[in-house]
Amino acid sequence: MHQFTIGIEEEYQIIDVESRDLISHVSKIIEGGKAVLSENLKHEMHESMIEMETGICQNIQEARAELTNLRRHLINTAHEQGLRVSGGGTHPFSNWEHNTITDGERYNKIVDDMGDVARGNLIFGLHVHIGIPNREEGVRIQNVMRYFLPHVYALSTNSPFWIGRNTGFKSYRQEIFVKFPRTGIPSYFNSLAEFDSYVDLLVKTGTIDNAKKIWWDLRVHPFYPTIEFRICDMPLRIDETVCMAAIMQALVAKIYKLHQQNLSFRSYRRLLLNENKWRASKSGIEAHLIDFGKEESVPYPDLLKELLEFIDDVVDELGCREEVEYAWKILENGTGADRQLNVYKETGDLTKVVDYMISETEYGITHSEHA
């Protein structure tokens, strides 16, 4: 079997311990952590955000070990600087107008191009790279994988609040990001040549300088031999990140296996797939998603069961069964959004929600039970 390597990028919120608001102190954390984390930490568009990335991991156990080690160092570095870091797709009450944009050529150009759409894009995601045999096969996998994106996305929903408001969505992050151009579920491409022609046209016309400015929910990476999942909210617990990465790896392996057998999976139009994405954004794991084959709405747990059955014949070969089946634990406990909403329902205090998010981010790192 092809080696379906894994690389994980997590975008963390930087939190002030007194106000629980976001604070623009990314430089303090990068400077404090440079002895251990210099290759793994990166600036993002806002100075209240920090990205942490693993190297290329050969399997999900290696990914978990590296992610746990990196998250431990990041949390310790934040504590040493009198700060905290947290998961979550949005901050519950911080206002983007009060958050500083990182000074850099790339970010200055994006803000010049998009103004307040860029400044207001104060959101935090999980990006997972899975190694692919080649770009041609990557486009074929991308076409099929589009169907499963809302199913994975529902498990990750973790952004119910925005600027102090309960949005009514389990994932409001995607409703913010959709203001960017070239986002959402990608279109179907007949071939790698058609995909490359699309990118070349955008570059030739000065629309983009390279394909990294295609911010779809899933993309064949322009520089790495990977397919990159970008649809998920940043989770809270490390177990949740590992579970989603394991499911993504297994889906890529399964679709590749079908292609090797001259089999495939029916492709549906983007406008239909967007209906399921909307439902997942609104209701998370409580959604009824559309089974386009049956032409009926189906409760999410039933569709998750079907998804896990679909990948069942590859998870043992990949060694990721335990990590994949953590999805049932997410259904039992609720997603990050469900748990944030529960804390707010109990306390009516968004600072308590932030405290919970920090505690969950540190779960399994500094403690194994809630304080």
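Me: How many bridges join strand S1 to S5, and do they run parallel or antiparallel?

Reply: This is a predicted model, where local features need pLDDT of at least 70, side-chain atom pairs count only at pLDDT 80 or more, and totals for chains, interfaces and linings use all residues. Residues are numbered from 1 along each chain as its sequence is written, and side-chain values use heavy atoms, with hydrogens and water left out. Strands (E, at least two residues) and helices (H or I, at least four) are DSSP runs, numbered from the N terminus. Two strands pair if DSSP finds at least two bridges between them. Here 5 bridges join S1 (residues 6-16) to S5, and the two run antiparallel. Glu10 stands opposite Leu126 in S5.

Me: What is the bridge partner of Leu126 in S11?

Reply: Cys232 is that partner of Leu126. S5 and S11 (residues 226-233) are joined by 6 bridges and run antiparallel.

Me: Which residues of S5 point one way, and which the other?

Reply: In a regular strand, side chains alternate between the two faces of the sheet. From S5, Gly125, His127, His129 and Gly131 point one way. Leu126, Val128 and Ile130 point the other way. Buried means under 20% relative accessible area, exposed over 50%, partly exposed in between (1.4 Å probe, protein chains only). In S5, 7 of the 7 residues are buried, so the strand is largely enclosed by the rest of the structure.

Me: How much space lies in the largest pocket, and which residues lie nearest its centre?

Reply: Rolling a probe the size of a water molecule over the atoms shows where empty space is left. On a 1 Å grid over the protein atoms alone, a pocket is an open set of points where a 1.4 Å probe fits, with protein on both sides within 12 Å along at least five of seven lines; lining residues have an atom within 4 Å of a point. Volume is the space filled by probe spheres set on the points, which are joined across faces, edges and corners. The largest pocket holds about 880 Å³. Its lining has 39 residues, and Glu9, Glu51, His127, Glu228 and Arg230 lie nearest the centre. S1, S5 and S11 are among the elements that give two or more residues to this lining. S1 gives the most, with 5 residues.

Me: Where does Ile163 lie, and what is its phi?

Reply: Most residues other than glycine have a negative phi. Ile163 has a positive phi of about 50°. Ile163 lies in the loop between S6 and S7. Its relative accessible area is 30%, so Ile163 is partly exposed. Arg182 also has a positive phi, near 55°.
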